[in-house]
Amino acid sequence: MIEKNQDFEVNISDMGFEGEGITKIEGYTTFVKGALKGEKAKIKMLKVNKDYGFAKLLEVLEASENREEPVCSVFGRCGGCNLQHMSYESQLKLKENVVQSTLKKALGFDVPVENIIGMGTPYHYRNKVQYPVSDEKIGFYAGRTHSLIENEGCFIQNEIADKLAKDAFKILQKNKVSTYSEKTGKGCVRHIITRIAKNNGNQLMLTLVTNEEKLKNADKIVKDILELYPNITTIVQNINTRRDNVILGEKCITLYGEGYIEDRLGDYKFKISPLSFYQVNPIQTEVMYYIAKDYAGLTGTENVYDLYCGIGTISVFVADEAKKVFGVEIVEQAIIDAKENAEMNEKRNIEFICGKAEEVIPKKYAEGDKADVVFVDPPRKGCDSRLLETLKEMRAGKIVYISCNPATLARDLKYLTENGYEIEKIQPLDLFPQTHHIETIVSLRMK
Ligand SMILES: C[S@@+](CC[C@H](N)C(=O)[O-])C[C@H]1O[C@@H](n2cnc3c(N)ncnc32)[C@H](O)[C@@H]1O
């Protein structure tokens with residue numbers, strides 16, 4: 001009988017999807033955060049469920065050759081990078097294996113997965129810093145909690161964007177602006193978000209998310225920020241009065257500049273507003289878009305759908321090789337950006353609609369429209385079943401599925417492969433080094 005607080009010496013025989021070590025104690029599956037496959041370790045049982053348990057790593061007795069000293073001093077406490085104790089090569093292998101095994105399990109057959117595309121320098125790649133602010137502190141949430149862990153400097157953030165966020169916090173404190181408390185729902189600043197356009201002269205956007213419209217000493221705050229960052233592009237206040245986990249509210253007030261920044265990807269320029277989604281790793285995003293475009297095999301005659309289109313990046317990338325592109329996105333501001341992006345890049349064959357893909361596309365199909373090629377790039381929860389049903393009926397010749405969650409990708413691929421599509425290629429790509437997140441591009445063809 002295995003009990004809580006019992007110590008064991010174990011061999012770690014496998015790795016879980018979030019980089020946890022897995023061991024079997026008398027056949028009982030136990031997850032050990034921080035342990036690596038191939039290691040011998042001393043562990044303490046923390047939680048004993050019916051089918052599996054969780055243990056704490058007390059000591060590594062024999063280390064794996066893939067183990068590395070994490071570069072960050074808050075590794076293990078901060079909920080951000082959970083793979084920093086693994087060599088980058090072994091992180092990539094883990095992600096490749098996760099894609100392979102998740103798809104095989106869901107589909108019931110082996111699928112050919114290409115070698116994952118990693119980064120040359122897998123640090124400081126993020127163009128967006130998003131710090132919660134609470135109880136006079138700024139930092140990241142500790143894993144699965146809402147207590148804040150302060151850090152000196154984060155190894156996956158862009159250094160300028162990271163410093164701007166911390167400096168903005170100091171300026172807010174200096175100007176006596178209160179911080180929000182999740183417990184009471186009182187206090188002003190909830191999040192500080194910065195974005196940097198790495199490919200466009202490091203344009204900078206600072207967004208202060210507040211719990212109320214009143215921002216004490218707003219003019220002085222802007223002045224102080226401009227003194228430290230005279231080249232900052234824009235400063236925006238976003239108002240979020242909700243009592244839940246959603247970070248941004250719907251209303252933005254521009255405090256300085258135009259309220260947006262512009263970045264470059266490939267040969268194109270994109271306007272990005274605070275409320276719009278923009279991929280966080282621009283280096284890998286370019287690679288990803290070119291692969292997606294290549295998978296689509298466009299010839300200039302196709303009617304193309306870009307579903308979950310954000311600010312229209314994929315639409316703009318493929319417009320020259322398509323007859324017509326139709327983009328759908330749920331966030332209104334992103335569609336406003338997308339329309340301007342099409343205009344700015346002189347793409348006249350793109351139409352954008354704001355709405356839910358699962359509502360807009362069935363309606364469009366009922367009206368007689370049909371795509372030859374469909375790009376889908378949904379959020380982590382994957383595609384809505386109503387959208388998949390319509391794609392099945394529409395029988396588009398090609399679907400290019402871009403996914404940030406192998407579990408929902410596997411679920412959706414199961415549906416599509418059982419309903420007329422076959423998988424041509426699966427390409428994992430590391431968009432999020434040091435974390436367990438995985439991006440995958442899949443090309444599907446109507447049989
Ligand atoms: C992973 S992002 C991809 C955006 C874009 N393709 C890109 O590469 O930047 C997913 C996008 O889907 C949008 N979205 C979420 N649910 C949606 C829905 N039901 N219908 C349409 N868009 C949705 C989000 O606002 C977000 O912009």
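Student: Which residues in α8 meet which residues in α9?

Tutor: Heads up: this is a predicted model, where local features need pLDDT of at least 70 and side-chain atom pairs count only at pLDDT 80 or more, while totals for chains, interfaces and linings use all residues. Residues are numbered from 1 along each chain as its sequence is written, and side-chain values use heavy atoms, leaving out hydrogens and water. Helices here are DSSP runs (H or I, at least four residues), as are strands (E, at least two), numbered from the N terminus, and contact means heavy atoms within 4.5 Å. On that basis, L388, E389 and K392 in α8 meet D412, Y415 and L416 in α9.

Student: How do the residues of that α8 and α9 contact divide by class?

Tutor: Ala, Val, Leu, Ile, Met, Phe, Trp, Tyr, Cys and Pro count as nonpolar, Asp, Glu, Lys and Arg as charged, and the others, Gly among them, as polar. So the contact of α8 with α9 splits into three nonpolar, no polar and three charged.

Student: And how are α8 and α9 oriented to each other, roughly parallel or oblique?

Tutor: Axes are lines fitted to C-alpha atoms, for helices over the stretch in contact, with angles from 0 to 180 degrees between N-to-C directions. Under 35 degrees counts as roughly parallel, over 145 as roughly antiparallel, 65 to 115 as roughly perpendicular, and the rest as oblique. The axes of α8 (385-394) and α9 (406-417) come within 10 Å and cross at roughly 30°. That makes the pair roughly parallel.

Student: What about α1 and α9: is their crossing left-handed or right-handed?

Tutor: The axes of α1 and α9 come within 9 Å and cross at roughly 40°, which makes them oblique to each other. A crossing is left-handed if the near helix is turned anticlockwise from the far one by less than a right angle, and right-handed if clockwise. For α1 passing α9, the crossing is right-handed.

Student: How many nonpolar residues does the contact of α1 with α9 have?

Tutor: On the α1 side you'll find V98, T102, L103, A106 and L107, against P406, A407, L409, A410, L413, K414 and T417 of α9. Two residues of this contact are polar and one is charged, while the nonpolar ones number nine.

Student: Which residues of α3 does α2 meet?

Tutor: The axes of α2 (159-174) and α3 (218-228) come within 10 Å, crossing at roughly 140°, and that makes the two oblique. Their crossing is right-handed. From α2, L164, D167, I171, L172 and K174 meet these in α3: K220, I221, D224, I225 and L228.

Student: Which element gives the most to the lining of the second largest pocket?

Tutor: That pocket has a volume of about 350 Å³. It is lined by 16 residues, of which D14, M15, K37, L94 and N97 lie nearest its centre. Two elements give two or more residues, β2 (14-15) and α1 (88-107). The one giving the most, with six residues, is α1.

Key. On a 1 Å grid over the protein atoms alone, a cavity is a set of points where a 1.4 Å probe fits but cannot get out, and a pocket is an open set with protein on both sides within 12 Å along at least five of seven lines; lining residues have an atom within 4 Å of a point. Grid points are joined across faces, edges and corners, and a volume is the space filled by probe spheres set on the points.
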